Amino acid sequence: MADIQLEVRDLRKTFHPGLFESDVEVLKGLSFEVRRGEIFGFLGPNGAGKTTTIKAITEIIFPDSGSIRVCGLPHTDLEAKRRLGFMTESPYIYRHLTGREFLRFCGELLGMQRSGLEERISRVLDEVAMDAHADRKMGAYSKGMLQRLALAQALLGEPDLLVLDEPLSGLDPVGRRDVRDIILQQAAAGTTVFFSSHIIPDVETICDRVAIIVEGRVRAVGSVAELMSDEAECSEATFVGAVPADLRTPLLASHVGSDASWARVSSAHRDALIQELADRGARLVSLNPVRSNLEDLLMRHYEGEGS
Amino acid sequence: MRAVVAIAANTFREAIRDRILYLFLGFAVVLLVGSKLFGMLTVGDETRIIKDLGLVAIQFFSMLIAVMMSLLLISREVDSRTVFNILAKPVRRWQFLLGKYLGLVAVVAVNLTLMTLLLVVVVWVYQHELDFMLFFAGAMTMLEMAVLAAFATLFAVLTRPILGSLMTLAVFVVGHMSEDLWLLTRQLPGAFARAVIATAYYLLPNLERFDFHTEVVHDLPIPAAAVVWACVYAIVIIVLVLYLANLRFRRKDLM
Ligand SMILES: Nc1ncnc2c1ncn2[C@@H]1O[C@H](COP(=O)(O)OP(=O)(O)O)[C@@H](O)[C@H]1O
Ligand SMILES: [Mg+2]
């Protein structure tokens with residue numbers, strides 16, 4: 001299926017650290033599909049196996065079993081590798097190279113035509129706003145600058161599929177915004193983006209679809225809206241003139257502030273709360289629906305581990 | 001092939017910017033001071049002493065470069081994860097290894113050429129003799145270094161950095177004692193000890209085959225067969241050792 005840009009099927013990987021250490025089963029039959037043109041979030045806590053999966057996709061490690069297809073080709077195919085742009089978890093450094101020399105090196109590895117290469121390098125440097133620093137040694141770069149250069153390198157070969165491992169982690173707010181903008185731009189230009197994160201808001205705001213990975217398995221896949229559709233909505237009320245402890249309406253949570261009180265009720269009990277507050281002569285200051293967010297969902301998946 | 005060349009060029013550039021060529025200065029000092037010193041101490045043929053000392057120093061410093069570079073050859077790329085960036089691109093693992101090997105060979109070659117050039121100039125200035133056979137001896141040492149570099153590459157993928165370098169050094173040392181090993185196998189008492197020494201003899205290259213110092217220094221005839229044989233010998237070993245390195249590296253999980 002040409003419309004699936006990245007297909008990972010039943011991936012398993014056990015590490016054998018050494019003679020006297022026990023084996024670590026990191027991937028336990030992990031599967032998911034990324035469709036053409038979407039931004040796909042790979043969300044899971046630290047140690048879930050995100051980086052291990054990405055290393056398997058990029059042939060840095062070899063899975064014990066399972067299959068991976070990139071752009072409809074086996075991931076080991078050189079053409080598949082040419083179409084894939086990859087950025088590692090933490091930026092790598094060649095201290096002896098300038099940013100521009102590094103990109104030239106990457107271009108040669110990609111087998112890019114020498115004629116257009118310099119122009120293309122200037123383009124991507126411009127895209128990641130690194131043109132001003134391109135001729136300085138990478139050893140002198142800040143973490144944010146390295147991240148941008150790593151991103152430039154991933155974009156260099158005009159990939160159909162971008163695979164980014166924690167592209168937003170460890171950046172300052174401006175850096176995060178910039179990288180997020182670049183991801184969105186790339187997606188708008190038709191590139192499929194697959195990126196991992198352990199930070200929920202990163203995924204929530206820009207992903208078309210999300211896979212939740214916990215302990216080497218995909219627990220749920222879907223759009224953010226889909227993942228939360230079966231979650232009961234609830235409401236948060238702020239009011240004066242009544243104490244939450246006195247209320248008969250069942251509350252999910254409450255807090256007594258110096259001026260006003262705050263309570264959260266499920267949607268089913270929202271009208272009862274309004275009624276009761278009116279009956280008691282209390283004044284309702286605000287009432288807002290809150291959707292249970294991805295975090296709650298994730299927490300439930302994490303907690304579901306033990307059972 | 002472009003990827004191989006790019007990786008070799010990058011390895012070369014890294015070594016140069018790491019100032020590994022400064023070792024050349026060490027050689028220059030040894031050569032100049034040494035030939036003055038020996039020239040004063042001995043009454044014999046000063047030219048021969050300078051040539052002999054120079055060729056041994058060339059060999060020693062080239063070996064030093066190979067051993068030092070093997071320390072970081074693969075491990076630096078793996079530890080700093082730059083290797084991830086390379087292998088995720090349309091590059092095969094054998095291309096990476098070959099590129100690394102050729103980069104190492106190029107660094108040694110540039111050094112060795114400079115050193116040989118200096119030796120020829122020194123002989124010319126001190127003794128007013130232009131001896132182009134020194135270039136021949138240098139070329140044969142280069143062949144030896146190409147063999148040593150293959151072992152350095154193999155050990156770099158087999159073991160940890162320091163151990164790998166020590167093993168490369170051991171190949172150099174034992175490789176020059178090959179004949180002695182052969183004698184040992186006949187003289188040692190225990191059958192086990194004999195077997196161990198014999199294994200080492202057959203597994204490690206005889207690097208003396210590339211040593212034409214005596215012939216060059218003393219203007220002796222050089223049998224063409226020995227030269228051809230040395231070339232064939234080098235190529236076979238290099239191919240074999242790099243093949244083994246690739247066998248290990250081909251499906252190695254990188255962390
Ligand atoms: N080479 C290895 N040997 C043993 N365990 C490993 C190795 N690499 C990763 N792990 C373990 O696999 C788990 C998943 O790691 P990783 O894929 O890096 O997680 P994530 O990227 O989701 O944070 C972790 O518990 C980690 O300790
Ligand atoms: Mg990770």
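Trainee: How much space lies in the largest cavity?

Mentor: About 80 Å³. A cavity here is a set of points on a 1 Å grid over the protein atoms alone where a 1.4 Å probe fits but cannot get out. The volume is the space filled by probe spheres set on the points, which are joined across faces, edges and corners.

Trainee: Before I go on, what kind of model is this?

Mentor: This is a predicted model, where local features need pLDDT of at least 70, side-chain atom pairs count only at pLDDT 80 or more, and totals for chains, interfaces and linings use all residues. Residues are numbered from 1 along each chain as its sequence is written, chains are lettered from A and ligands numbered from 1 in the order in which they are written, and side-chain values use heavy atoms, with hydrogens and water left out.

Trainee: New topic: how many residues of chain A are in contact with chain B?

Mentor: 34 residues of chain A are in contact with 28 of chain B, contact meaning heavy atoms within 4.5 Å. The area buried between the two chains is about 2900 Å², and carbon and sulfur atoms give 56% of that. Buried area is the accessible area (1.4 Å probe) that two parts lose on being put together, summed over both.

Trainee: And which residues in chain A lose the most area to chain B?

Mentor: A:Phe62, A:His96 and A:Leu109, together 24% of what that side buries.

Trainee: How many salt bridges cross the interface of chain A and chain B?

Mentor: Two, by the rule: a side-chain nitrogen of Lys or Arg within 4 Å of a carboxyl oxygen of Asp or Glu. B:Asp253 pairs with A:Lys13 in a salt bridge, their closest N and O atoms being 2.5 Å apart. Over all chains, the structure holds 27 salt bridges.

Trainee: Which residue does A:Lys28 form a salt bridge with?

Mentor: A:Glu215, with the closest N and O atoms 4.0 Å apart. That pair links distant parts of the chain, 187 residues apart: A:Lys28 sits in strand 2, and A:Glu215 in the loop between strand 9 and strand 10 of chain A.

Conventions
1 Å grid on protein atoms, 1.4 Å probe; cavity = no way out; pocket = protein on both sides within 12 Å on 5 of 7 lines; lining within 4 Å. Helix = DSSP H or I, 4+ residues; strand = E, 2+ residues; numbered from the N terminus.
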